[in-house]
Amino acid sequence: AVIVSAAPSRLEVASGGSQTSFPGDPLVDPLLIRAADAAGRGVPGVVLRFRVSSGGAVENATSVTDALGLASTGRWTLGDVGTNTLTVESDEVSTI
């Protein structure tokens with residue numbers, strides 16, 4: 001059977017959220033974002049933009065979701081002491 005995903009309806013953190021590290025150091029794991037349709041299936045081919053809103057820099061400013069609907073920031077190096085935040089944007093689905 002062939003299952004076809006519909007258009008993405010949401011973005012969610014699949015792994016790598018809520019990590020801690022020292023200022024100027026990279027996080028141990030990349031942030032992995034999943035684009036999912038209304039039924040919860042991963043949606044491939046969605047272009048995601050990663051923008052550091054507070055602190056540091058990410059390796060990948062953009063990434064395209066794979067066959068499972070997953071895309072990665074690559075390495076995220078933290079900025080100053082405090083909360084470092086990242087915004088994930090797509091033209092196809094709401095920002096997280």
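1. In this note, Ala, Val, Leu, Ile, Met, Phe, Trp, Tyr, Cys and Pro count as nonpolar, Asp, Glu, Lys and Arg as charged, and the others, Gly among them, as polar. On that basis, the lining of the largest pocket divides into seven nonpolar, ten polar and one charged residues.

2. The model is predicted: local features need pLDDT of at least 70, side-chain atom pairs count only at pLDDT 80 or more, and totals for chains, interfaces and linings use all residues. Residues are numbered from 1 along each chain as its sequence is written, and side-chain values use heavy atoms, with hydrogens and water left out.

3. The pLDDT is the predictor's confidence in each residue, from 0 to 100. Its mean over the chain is 90, and 93% of the residues reach 70 or more. Strands (E) are DSSP runs of at least two residues, numbered from the N terminus. Confidence is lowest in strand E3 (residues 47–54), at a mean of 90, and highest in strand E6 (residues 70–72), at 97.

4. A pocket is an open set of points on a 1 Å grid over the protein atoms alone, where a 1.4 Å probe fits, with protein on both sides within 12 Å along at least five of seven lines; lining residues have an atom within 4 Å of a point. Grid points are joined across faces, edges and corners, and the volume is the space filled by probe spheres set on them. The largest pocket has a volume of about 290 Å³. Of its 18 lining residues, Gln-19, Thr-20, Leu-78, Gly-82 and Asn-84 are the closest to its centre.

5. Is Arg-34 buried or exposed? Buried means under 20% relative accessible area, exposed over 50%, and partly exposed in between (1.4 Å probe, protein chains only). Arg-34 has 19% relative accessibility and therefore counts as buried. It belongs to strand E2 (residues 32–36). A polar atom of the Arg-34 side chain lies 2.5 Å from the backbone oxygen of Gly-40.

6. Ala-71, in strand E6, is buried, with a relative accessible area of 3%. Contact means heavy atoms within 4.5 Å. Leaving aside neighbours within four places in sequence, the contacts of Ala-71 include Leu-31, Ile-33, Phe-50 and Val-64.

7. Ser-18 is found in the loop between strand E1 (10–15) and E2. At 80% relative accessibility, Ser-18 counts as exposed. Most residues other than glycine have a negative phi. The phi of Ser-18, however, is positive, near 60 degrees.

How values were computed. Helices (H or I, at least four residues) and strands (E, at least two) are DSSP runs, numbered from the N terminus. A polar contact is a pair of N or O atoms within 3.5 Å; within protein, one must be able to donate a hydrogen and the other to accept it, and residues adjacent in sequence count only if both atoms are side-chain atoms.
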